Amino acid sequence: MTTHIHFVDIKADPKIEDNIRQRLEKADKKYGGDIIHAHVSLRVENFSGKRQKSCMIELNVPGSDVVVKSEEDTFDIAIDEAFDELETRLRKQRQRMIAH
């Protein structure tokens, strides 16, 4: 699996980057090593004058790509929410692949 983590218009944080890499590796092992490429973007977005931290994860896996996005008050929460949704989507996709 190749991994790209992109901090958009914000300073890169090695602690956050390591956390994301570990979670991607764990997900890859859990779902059979099917993740070909992972791209994670972290940015601060303005919604109605409120600054939200955004985490978008795009995975290239057999069958179709998986894309999840979460906006929260902190990057830690946004990352947790995005990975929770990612786990759900990967589980469903794997079930569909096994059924066929």
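This is a predicted model: local features need pLDDT of at least 70, side-chain atom pairs count only at pLDDT 80 or more; totals for chains, interfaces and linings use all residues.
Biologist: What makes strand 3 and strand 4 count as paired?

Modeller: Pairing asks for at least two bridges. Strand 3 and strand 4 are joined by 7 bridges, so they pair, and they run antiparallel. The two strands also form a hairpin with 5 residues between them. In that turn, Gly63 has a positive phi of about 105 degrees.

Biologist: Thanks! Now to helix 2, where Phe83 has its place. Why is Phe83 called buried?

Modeller: The cut-off for buried is under 20% relative accessible area. Phe83 has 3% relative accessibility, so Phe83 counts as buried. Leaving out residues up to four places away in sequence, Phe83 touches Ile20, Arg23, Leu24 and Ile57. Phe83 and Met56 are 27 residues apart in sequence, and their C-alpha atoms are 9.6 Å apart in space.

Biologist: Which residues have the most contacts inside the largest nonpolar core?

Modeller: Ile20, Ile57 and Leu59 do, in a core of 24 residues. Two or more residues come from each of strand 1 (2-8), helix 1 (14-30), strand 2 (37-47), strand 3 (50-60), strand 4 (66-72) and helix 2 (75-99). Helix 2 gives the most, with 7 residues. Nonpolar side chains tend to be buried together in soluble globular proteins.

Biologist: And what does Ile57 touch, not counting residues up to four places away in sequence?

Modeller: His39, Val40, Val66, Val67, Val68, Ala82, Phe83 and Leu86.

Biologist: Let's move to Asp34, in the loop between helix 1 and strand 2. Why is Asp34 called partly exposed?

Modeller: Partly exposed lies between the 20% limit for buried and the 50% limit for exposed. Asp34 has a relative accessible area of 35%, so Asp34 belongs in that middle class. Asp34 touches Asp28, Asn60, Val61, Pro62 and Arg94, again not counting residues up to four places away in sequence. Asp34 and Lys53 are 19 residues apart in sequence, yet 28 Å apart in space, C-alpha to C-alpha.

Biologist: Which residues line the largest pocket?

Modeller: Tyr31, Asp34, Ile35, Val61, Pro62, Leu90, Gln93, Arg94, Met97 and Ile98 line this pocket. About 170 Å³ of space lies in the pocket.

Biologist: How many residues of that lining are nonpolar, polar and charged?

Modeller: The lining has 7 nonpolar, 1 polar and 2 charged residues. Asp and Arg count as charged, so Asp34 and Arg94 belong to that class.

Definitions and conventions:
Residues are numbered from 1 along each chain as its sequence is written. Side-chain values use heavy atoms; hydrogens and water are left out. On a 1 Å grid over the protein atoms alone, a cavity is a set of points where a 1.4 Å probe fits but cannot get out, and a pocket is an open set with protein on both sides within 12 Å along at least five of seven lines; lining residues have an atom within 4 Å of a point. Grid points are joined across faces, edges and corners, and a volume is the space filled by probe spheres set on the points. A nonpolar core is a set of buried Ala, Val, Leu, Ile, Met, Phe, Trp, Tyr and Cys residues joined through side-chain atoms within 4.5 Å. Buried means under 20% relative accessible area, exposed over 50%, partly exposed in between (1.4 Å probe, protein chains only). Helices (H or I, at least four residues) and strands (E, at least two) are DSSP runs, numbered from the N terminus. Contact means heavy atoms within 4.5 Å.
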